[in-house]
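Welcome, and thanks for taking a look. Please open the sequence and the 3D view side by side, and read along with the report below.

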Amino acid sequence: MRWFALALVVLNVGVWQLSDSVKVGVQPAPAAYGNLPRVASLKVQVEPARSAQSLPGERACVTIGWIESLEAARALAENRFFTQGSDLSVEKVDRPLPSLHWVIVPPQPPGAALEQFQDMQNQGIDSYLVTEGENKNAISLGLFESRNAAISVLEEKKHQNLNAVLANFPRNQISYALSFEVSSEFVEEQIQAVEADYGVNFDFIEIKACEGVATPEKNP
């Protein structure tokens with residue numbers, strides 16, 4: 001009986017040692033759960049590069065437009081968002097617009113042009129005599145934004161035995177813009193404030209570093 005009990009003890013010790021060797025040889029995978037790291041610990045602590053316009057104390061020169069009337073431009077210039085020292089000005093700009101399509105009878109000697117114009121007026125044809133410019137002494141039969149509309153009228157006038165042609169009519173539009181200085185840190189805020197006061201988003205916005213602004217010298 002003693003030998004039987006001793007045999008059982010030896011057998012249990014062997015099984016326990018074998019079990020330990022298996023645990024050491026095959027490590028279980030780590031648990032797939034746990035706490036996420038704090039967000040702050042994930043940030044790379046590197047000083048970001050800053051553009052010249054974003055440096056504190058730098059001044060940006062801003063021009064915004066277009067404003068359709070001088071009165072509206074002056075009203076915006078008196079906006080409470082502008083402070084003293086903004087170097088604010090209103091600029092008048094003669095800007096080009098797309099040309100119109102012009103149906104005309106080509107220029108001719110003054111006497112012939114006047115005679116034909118009077119004849120058209122007597123016939124009730126809507127027209128006027130051009131008195132200046134490179135097409136002086138031509139007879140205008142209509143201005144159109146649509147080329148198709150201009151061609152339609154051109155064909156109609158040709159059927160009336162008029163020597164009409166199609167020409168370009170260049171045109172400009174007087175508009176106004178605001179120019180001002182502002183700290184580069186508040187450029188976007190300033191523009192949004194002026195747009196909100198004007199009630200529309202501007203078509204033209206130019207932002208650049210102000211010229212002739214002295215920067216403080218650094219001590220060696």
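What follows is a short tour of this chain, from its overall layout to a few selected residues.

## The chain as a whole

Please keep in mind that this is a predicted model. The protein chain has six helices and six strands. Read from the N terminus, these elements follow the order α-α-β-α-β-α-β-β-α-β-α-β.

Of the 220 residues in the protein chain, 26% are buried. The protein chain exposes about 16400 Å², and carbon and sulfur atoms supply 54% of that area. Contacts also reach across the sequence: among those in the protein chain between residues at least 6 apart, 77% join residues at least 24 apart.

## The disulfide

How many disulfides does a search of the whole structure find? It finds one. A disulfide is a covalent bond between the sulfur atoms of two cysteines. Here the partners are Cys 61 and Cys 210, with an S to S distance of 2.2 Å. Cys 61 sits in strand 1 and Cys 210 in the segment after strand 6, so the pair links distant parts of the chain, 149 residues apart.

The torsion about the S-S bond of Cys 61 and Cys 210 is about 120 degrees, so this disulfide is right-handed. Cys 210 has a relative accessible area of 11%, which makes this residue buried.

## Three salt bridges

The structure holds three salt bridges.

| Glu 181 | Arg 59 | 3.8 Å |

Take the pair of Glu 181 and Arg 59, whose closest N and O atoms are 3.8 Å apart. Glu 181 lies in strand 5 (residues 165-183) and Arg 59 in strand 1 (residues 59-67), so their bridge ties together parts that are 122 residues apart in sequence. Arg 59 counts as partly exposed because its relative accessibility is 28%.

Arg 171 counts as partly exposed at 26% relative accessibility, and Glu 145 counts as exposed at 64%.

Next, please find helix 6 (residues 187-198). At 1.5 Å a residue, its twelve residues should span 16 Å, and the end C-alpha atoms are 17 Å apart, which agrees.

Which residues of helix 6 are buried? They are Val 187, Gln 190, Ile 191, Ala 193, Val 194 and Glu 195. An α-helix has 3.6 residues a turn, so residues three or four places apart point the same way. The buried residues of helix 6 pack against strand 1, helix 3, strand 5 and strand 6 (204-209). After helix 6 comes Gly 199, with a positive phi near 85 degrees.

Lys 157 has its place in helix 5. Lys 157 is buried yet has no salt bridge. The nearest side chain of opposite charge, that of Glu 156, is 4.3 Å away, and a salt bridge needs the nitrogen within 4 Å of a carboxyl oxygen. Leaving aside neighbours within four places in sequence, Lys 157 is in contact with Ile 125, Leu 141, Leu 162 and Ala 164.

Arg 147 is also placed in helix 5. With a relative accessible area of 46%, Arg 147 is partly exposed. Not counting residues up to four places away in sequence, Arg 147 touches His 101 and Leu 166. The C-alpha atoms of Arg 147 and Trp 102 are separated by 9.1 Å, although the two residues are 45 apart along the chain.

Key:
Residues are numbered from 1 along each chain as its sequence is written. This is a predicted model: local features need pLDDT of at least 70, side-chain atom pairs count only at pLDDT 80 or more; totals for chains, interfaces and linings use all residues. Side-chain values use heavy atoms; hydrogens and water are left out. Helices (H or I, at least four residues) and strands (E, at least two) are DSSP runs, numbered from the N terminus. Buried means under 20% relative accessible area, exposed over 50%, partly exposed in between (1.4 Å probe, protein chains only). Contact means heavy atoms within 4.5 Å. Accessible areas come from the Shrake-Rupley method with a 1.4 Å probe; for residues, only the protein chains shown count as cover. The expected span of a helix is 1.5 Å times one less than its number of residues. Lys and Arg count as positive and Asp and Glu as negative; His and the chain ends are not counted. A disulfide is a pair of cysteine sulfur atoms within 2.5 Å.
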